[in-house]
Amino acid sequence: MDSLFPSDFLKERIKKLRLGRNLHDEKEIIEHWIDDLESGKLKSSKEESIKSKYIQEIFGDVLGYNYGNSNKWMLEEEYKSKTDATKCDAALGFFYPHKDGNDPRVVIEVKPVGTELDKRQRGRKPDNSPVDQAFLYVSKQGEKCRWIVVTNFEEIRFYHYSSQDKFQIYALKELRDYKTLKEFIFLFHRDFLITNQSNSKTEALLKIKNQQIRLDKKRNHILDLLYNSLIRFEGFEFIDPRFISNISPFNILTDHVWHYDNWKLFTINPEIHRLLSSLEFRHNEIIVSKSLKVELEKEVDEYYEKLEYVFKTLFQSMIHEVIAVKDYKKIKERSKQTIGFSIKHQFSFKEGEGISKKIHFEIPKCDCVNCVHKDFDYTRLFEKLDIAIGDRKYMNFEYAYGFYLVSHRYYKTSYSLLKRIQEDYKNEIGKEIKFFLAKLNLNNIRNLLRGYDTDTEDQIEIKKFIDEIDLDYTISNEVEQHIESDVRKYLIEIKEFKLVSFISKKIDEVLDNIKKTKATIEKGTTFFSAPDNISELHFHYSLLHQFINRNFIMYDVFSDYKSIFYKVFEGLCFSYLTPNYGLSKFNSFYLTEAVLHLQSEEIKKAVKDINIIEIDEKDREIFVNKINNLLTSFYDKGIMNLPFSKGGEFLSVIDFKWTIERQISNAILLINKMNLKEDESLRIFHSFADLLTVENFLAHWTLTSFGKFISNNAKYLDYQLHLKILEFCINSEKKGNNKYDGLSKEVILSIKNNFDDLINDKSLIMRALSNISRHQSKSEFLVSLYLVSENDIRVILKQEFLTTLDNKFNSYLYELLLVEKIIDPDYLDYFGKYMESIEQNRGKGFVGFKNNHPQFEDFYFYNLVILLNKIGYDPNDLKFKILKDLSDYESWLFNPANFDYTKFRVEWVLVASHWTLRRIGNKQFVKRLIENKLKEDFNEKLSKIYINYFA
């Protein structure tokens, strides 16, 4: 007799089963029946009187098939055949009061104690054995009925309808053993044996066992071993290559190995060496030697398809080179005295002792939602998502991820798709990985959905469903029995985000090395061979990027991922600023990632010391095209070529609107650091200018950045284009919107610095003036406007300034007028009013140092001195007699040439303006003080001041 499930096949699976209870009640029931059997009570009882109780307790109470519900039950006694009047003793399945909906899945035949189940029954017509009889019953119940149970109280047999030769048998007495009872429940409990899906867990397990048997009957060629090793992970588009290097047949040791790094997989398996020796990889084709071809044709089914699958899977999992050793034992013996040698790590070998083969397959650019998104082609992305809404054929990971990217319906659409996916794949043979990924993503978006707390019924249902997700339970109880141990280990690693944690630590290390290298170079040290930190940074970020993006894992929106990428981008910037040894050029990939993942302030901080972002022309063209896609995705051109907005449904979600604003802000910040060609500058300008006319989501800092773009590219953008933006800003502010202030100022500054043309449109100026009553902050804007206007307009603006000063004196406006020499200090009595306001408002000003940082109570006096230096002043002028009770620091700051330097403190130079340091008195005395201070306690800022003003 062959078992359906051999014990060695079940051992590990049952060991990992977590039932959540100790089976105490089930054991009590079994003990009761064993007692009745051993006492002879079962043998003396009539079959019919005891049969019903036996069925209900063994199959109902122990195996969980309910029988007491009047609306729906799973155990039906005396179940009549669908084709004739014959009845089996019981059936398991789904049963209802309206018998048309009955759905039997298991037939049960119960015989008296002592009945031989395989022996023909004399006196019956036909004289079949009990097993034959039960198989006849199952053939009459429809194709979904696939299991047969035959029992004589002493033993219980379970058959699959496909064969009478194999069955799982349990002696009643053996079920008192906990391990045997656990196996009994594991295979035949209602949660495992039957399901509304196409295949139950027990059937899936049977299929896996049969596949293994078929494989075991064949010779295990290395290609089959490689193929079978990787096909188990089907469902992942990217597998952690570190994990691959540790599974058989890549790893033939029983220990963990460190055989993957820097795109290369190392193996000491001689069979892989033999295989690679007969393969060549050229132009997306695998060339097989004649001798290997003969061998493979004889021993491996569909060998070329398997070769392609294996090496494409490796390549797509960032294994671009495979290194195999012919006989590692010889090398180990030769190297046993070598310090640090270990076969668990990669090691060098002599020629002829190993082989290295580079793998390369062209992966064409696809049109998936992720690739479209990384092109910032939201027009195309919206089209794809619009088509997918409500269409069953698009209910997959790609589109669930696409709706996640745009926060559609505050992530509810992604939730609905993922929920449907996990429902479809539950108990589906071969879909365990997809089922797990659906659960993982549902768990990941838990906090995104929580951000929108409402009392709506669907929101409560969503929260409840996601809160009940337990990934440990999913692995241990829902998929583990149908996946192999390696796959289980990998699912656990993913659940715990071990790869993310590993990469985070590695990137921290590389960033630290980049900073140390930069500091070392700046001290004047030279390297014969500097560490290749950028390659290592790229390698580790690529692992993270591929893992998340190729598997459509919804994780990159969270702070962990963004924090890791910020370190990567920071590392690139530090390296770029390292002369001769660092990054020489950026590429479009990392600039795109920066736009996607960083906050604008993070980009500003990272690139603040970079004057020009150098980038190859082809890469710059790619990046500019992407930014143009981004800018043009939210409007179309209509009649008279006028823009009109689009994408409103998607932009109605505040998360996505903020995302787009941030991305546009990031894009312009980076573009501002590049040397664009004329056609590129014009494309960006016109796309942004058209977007301006329809948008309602750009922030003032983004618009100010666009103003800087105009100024940076003024050589390509003529005066009329500048004026077009300025007119738009002024006209838009009629609505009381002052978010265009920064843009207006930048455009005016660009006009002033780059053109001789002056504004002569009085109506435009009057519109600008009409806004000043609503926004007093327009002073700087109007003063700037004065500088680029013709004389007639200047007269109008100057009169407006004077009227403002007369009605309510405005110190800030007056300072602007002085600096730009629109009026001079002797004009009327304004300077006296200005000094009075300073004297009334100034407090203590500079109050000393705290933790080596200067502390100010206010900046009124400090700013006054800067202003006076800009316009030129005589500190002995009577106008300044109003200033009273100046501190020693303020007296020095105001008149450094005539200060009593016996009261001087050397720290003051750290909080002095350029003009004060230029006018300093008793220079040699101050110089000696600074030198002594630097000897006592070196201060980098003080050192720079010394070099610039005293050396």
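1. The buried residues of α29 are Asp619, Arg620, Phe623, Val624, Lys626, Ile627, Asn628, Leu630 and Leu631. It should be kept in mind throughout that this is a predicted model. The buried residues of α29 pack against the helices α15, α16 (378–388), α27, α31 (654–671) and α32 (678–692), and also against β13 (635–637).

2. As to its geometry, α29 comprises 16 residues. From first C-alpha to last, α29 reaches 22 Å, which is close to the 22 Å expected at 1.5 Å a residue.

3. α29 (617–632) is also one of the elements that give two or more residues to the lining of the largest pocket. That pocket has a volume of about 1,500 Å³. Of the 40 residues that line the largest pocket, Ile363, Cys371, His545, Gln546 and Arg550 are the closest to its centre. Besides α29, the elements giving two or more residues to this lining are α13 (303–316), α15 (369–374), α17 (397–405), α19 (432–444), α25 (533–550) and α27 (588–597).

4. Which element gives the largest share of the lining of the largest pocket? That element is α25, with six residues. By residue class, the lining of the largest pocket divides into 15 nonpolar, 14 polar and eleven charged residues.

5. Turning to the strands, an open sheet is formed by four of them in the order β7-β8-β11-β12, with mixed pairing. Why is one side of β7 and of β12 left without a neighbour in the sheet? β7 (260–261) and β12 (354–358) stand at the edges and each has a single partner strand, so one side of each has no neighbour there. The pairing of β7 with β8 (residues 264–267) is antiparallel and spans two bridges. Within this pair, Tyr260 stands opposite Leu265 in β8.

6. β3 is mostly covered, with eight of its eight residues buried. β3 runs antiparallel to β2 (residues 87–95), to which five bridges join it; Phe94 stands opposite Asp103 in β3. With β4 (residues 147–151), β3 pairs in the parallel sense, over five bridges. Here the bridge partner of Val106 is Trp147 in β4.

Methods
Residues numbered from 1 in each chain as written. Predicted model: local features only at pLDDT ≥ 70, side-chain atom pairs only at ≥ 80, totals over all residues. Heavy atoms only, no water. 1 Å grid on protein atoms, 1.4 Å probe; cavity = no way out; pocket = protein on both sides within 12 Å on 5 of 7 lines; lining within 4 Å. Points joined across faces, edges and corners; volume = space filled by probe spheres on them. Helix = DSSP H or I, 4+ residues; strand = E, 2+ residues; numbered from the N terminus. Nonpolar A, V, L, I, M, F, W, Y, C, P; charged D, E, K, R; others polar. Expected span 1.5 Å × (residues − 1). Buried < 20%, exposed > 50% of the residue type's maximum accessible area, 1.4 Å probe, protein only. Contact = heavy atoms within 4.5 Å. Pairing = 2+ DSSP bridges.
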